[in-house]
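Hello,

Here is the structure I promised to pass on. Please open it first; my notes follow below.

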Amino acid sequence: MDEDNRKEVGRHRAERVKNACQDTRRRVCKVWRAVIELECFTSVLRVIMGVEAIPERMGGDETVPGSWVLSVTIASVLLLAAATLFHLWMQTRRYVKMGNLIPGPVAYPLIGNANMLLGKTHNQIMEKAMELSYIYGTVARGWLGYHLVVFLTEPADVEIILNSYVHLEKSSEYRFFKPWLGDGLLISSGDKWKSHRKLIAPAFHQNVLKTFIDVFNDNSLAVVKRMSKEVGHVFDCHDYMSEVTVDILLETAMGSTRTGESKEGFEYAMAVMKMCDILHKRQLKIHLRLDPLFNLTGVKKEQERLLQIIHGLTRKVVREKKQLFERQVAEGKAPSPSLTEIIGKEDKPGESNLAGTPAFISQGSMLRDDLDDNDENDIGEKRRLAFLDLMIETAKNGANISDEEIKEEVDTIMFEGHDTTAAGSSFVLCLLGIHQHIQDRVYAELRQIFGDSKRKATFSDTLEMKYLERVIFETLRMFPPVPMIARKINEDVQLASKNYIVPAGTTVVIGTYKIHRREDLYPYPETFNPDNFLPERTQNRHYYSYIPFSAGPRSCVGRKYAMLKLKVLLSTILRHYRIVSNLTEKDFKLQADIILKRTDGFQIQLEPRA
């Protein structure tokens with residue numbers, strides 16, 4: 001029996017050796033077939049060029065042209081062999097093996113799935129991404145070269161990533177922002193992100209936001225007046241929404257005058273808009289994504305020019321505001337009330353319980369932020385504030401933040417608060433132009449609040465705009481300004497929905513746009529229906545099924561600021577104009593890079609209300 005066992009073991013070993021040899025032989029044959037094909041191609045090339053296959057001696061030491069072809073051939077063969085061996089070696093790595101267990105399109109050696117982006121327009125890439133999501137489901141992978149990218153659209157999986165304090169680091173795609181935003185809140189990580197988030201959050205407290213109501217009203221009325229020249233014909237409303245959001249940010253973030261009142265402010269606003277365009281281009285165009293090539297282009301020179309304008313104004317305003325604050329303190333005239341007095345001194349239990357946020361949303365919790373449970377008194381209405389003033393005051397009171405870091409945070413607020421709100425408000429106007437019956441309900445609500453009065457909106461008025469709020473929520477569901485969120489995974493992650501492990505080092509892309517259009521979460525997801533956000537419909541929906549402002553520790557700190565601004569802006573426009581559109585949502589041509597926009601423009605018409 002022992003002899004039989006030894007023979008059996010020997011046969012198995014021989015079989016394994018034989019299989020290994022055959023596998024190696026097959027791989028070597030593949031390499032040599034490629035070499036032979038390359039040699040054949042080179043021979044044909046020589047014939048076409050009229051060059052001999054082998055250099056012949058002429059008189060003296062001269063050789064006929066052709067030796068360079070042989071050199072190129074040898075170099076090509078070696079390069080091909082090296083690339084093949086590298087590819088075979090990569091396939092043995094744990095990272096690649098684990099990635100290949102996740103479903104996804106066929107990847108090619110060296111390039112992975114990068115070929116799927118070549119020659120595609122913005123909206124074609126968007127359409128392709130949606131097509132692949134239906135093929136591969138809620139968990140899918142792609143390869144950019146040998147870098148793994150995993151796409152998630154299951155709320156339970158999304159919660160694991162966004163609710164984690166381990167996976168806080170943004171993906172490498174955000175490096176394009178660094179020349180502009182430095183280490184601001186959007187792209188910083190680790191202790192710096194945590195400390196700055198804690199410092200900045202109070203600047204978005206509700207009592208601070210109340211002081212911005214007049215700014216929101218004045219700028220909304222200004223854009224209503226500017227749009228009057230468009231009455232009666234089709235135009236792109238995004239241009240106007242972009243300008244008014246920059247104007248509002250100039251006043252609320254920096255305390256500066258709006259673009260129409262200052263040449264410097266106008267140049268700054270134009271520079272912000274153009275910088276956003278450059279960032280969009282770098283996301284899409286391969287040659288602009290590579291820093292060595294980007295640095296050789298005219299786009300780099302234009303970026304440097306724009307950043308001189310942006311950083312020049314921000315540094316100037318920071319310096320002047322700081323000097324003014326220090327002079328006031330020295331003269332015993334410190335601004336009153338202080339930030340501490342505005343937001344209330346006592347923190348109530350649970351105010352910072354981000355990690356413990358319930359997994360199911362209700363109407364009131366969708367915009368929950370760090371300071372929801374703080375004192376809600378009205379003391380903040382006594383003093384006109386800007387985020388920059390608050391940060392300078394905080395720094396003066398001992399916070400560990402430098403002037404340069406304050407500049408970076410102001411720049412970050414200007415970026416994050418501009419393009420997102422401009423796109424969101426433009427989509428709302430387009431959808432209300434299409435769905436007249438919904439616009440009529442919004443206008444009826446506004447009539448109930450304001451009657452025939454021409455008065456400006458108050459903070460209390462915005463609390464009564466419940467149907468308009470649902471319209472905004474539904475617009476952000478169908479067309480989230482940030483259509484995807486990318487994070488770098490620092491540890492292996494076991495997914496909740498399926499038995500896959502996402503290896504450390506992977507870029508995880510959370511498909512917000514796709515999650516918001518899942519039929520199991522939103523019945524008839526392609527239909528614009530604000531009643532999707534009635535309290536009884538939201539209470540049993542997974543918290544991470546609606547994430548237009550992201551969620552978890554790195555959620556948008558300014559989401560209540562954005563909602564308040566949108567309510568005042570949109571209500572003011574709708575009180576003056578009826579919005580009309582001859583298109584439907586199916587006509588929208590979408591582009592999804594940093595911000596979701598329409599490549600065909602946000603086309604609407606205006607009719608003055610009686």
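Keep in mind that this is a predicted model.

Ser 220 sits in helix H9, which covers residues 213–227. Is Ser 220 buried or exposed? Its relative accessible area is 1%. The cut-off for buried is under 20%, so Ser 220 counts as buried.

What surrounds Ser 220, leaving aside neighbours within four places in sequence? Ser 220 is in contact with Val 244, Val 568, Leu 569 and Thr 572. Its side chain also has a polar atom 2.6 Å from the backbone oxygen of Phe 216.

Now the sheet. Strands S3, S11 and S8 form an open sheet in the order S3-S11-S8, with antiparallel pairing. S3 and S8 are the edge strands, and each pairs on one side only. Helix H23, residues 559–576, packs on this sheet. H23 touches S8 and S11. The direction of H23 makes about 95° with that of S8.

Next, the pairings in detail. S3 (residues 235–236) and S11 (residues 603–608) run antiparallel and are joined by two bridges. Phe 235 has Ile 604 as its bridge partner in S11. S8 (residues 577–580) is joined to S11 by four bridges, and these two strands also run antiparallel. Here Arg 578 has Glu 607 in S11 as its bridge partner.

Best wishes

Note on methods: Residues numbered from 1 in each chain as written. Predicted model: local features only at pLDDT ≥ 70, side-chain atom pairs only at ≥ 80, totals over all residues. Heavy atoms only, no water. Pairing = 2+ DSSP bridges. Contact = heavy atoms within 4.5 Å. Axes fitted to C-alpha atoms, helices over the stretch in contact; angles between N-to-C directions. Buried < 20%, exposed > 50% of the residue type's maximum accessible area, 1.4 Å probe, protein only. Polar contact = N/O pair within 3.5 Å; in protein donor to acceptor, adjacent residues only side chain to side chain.
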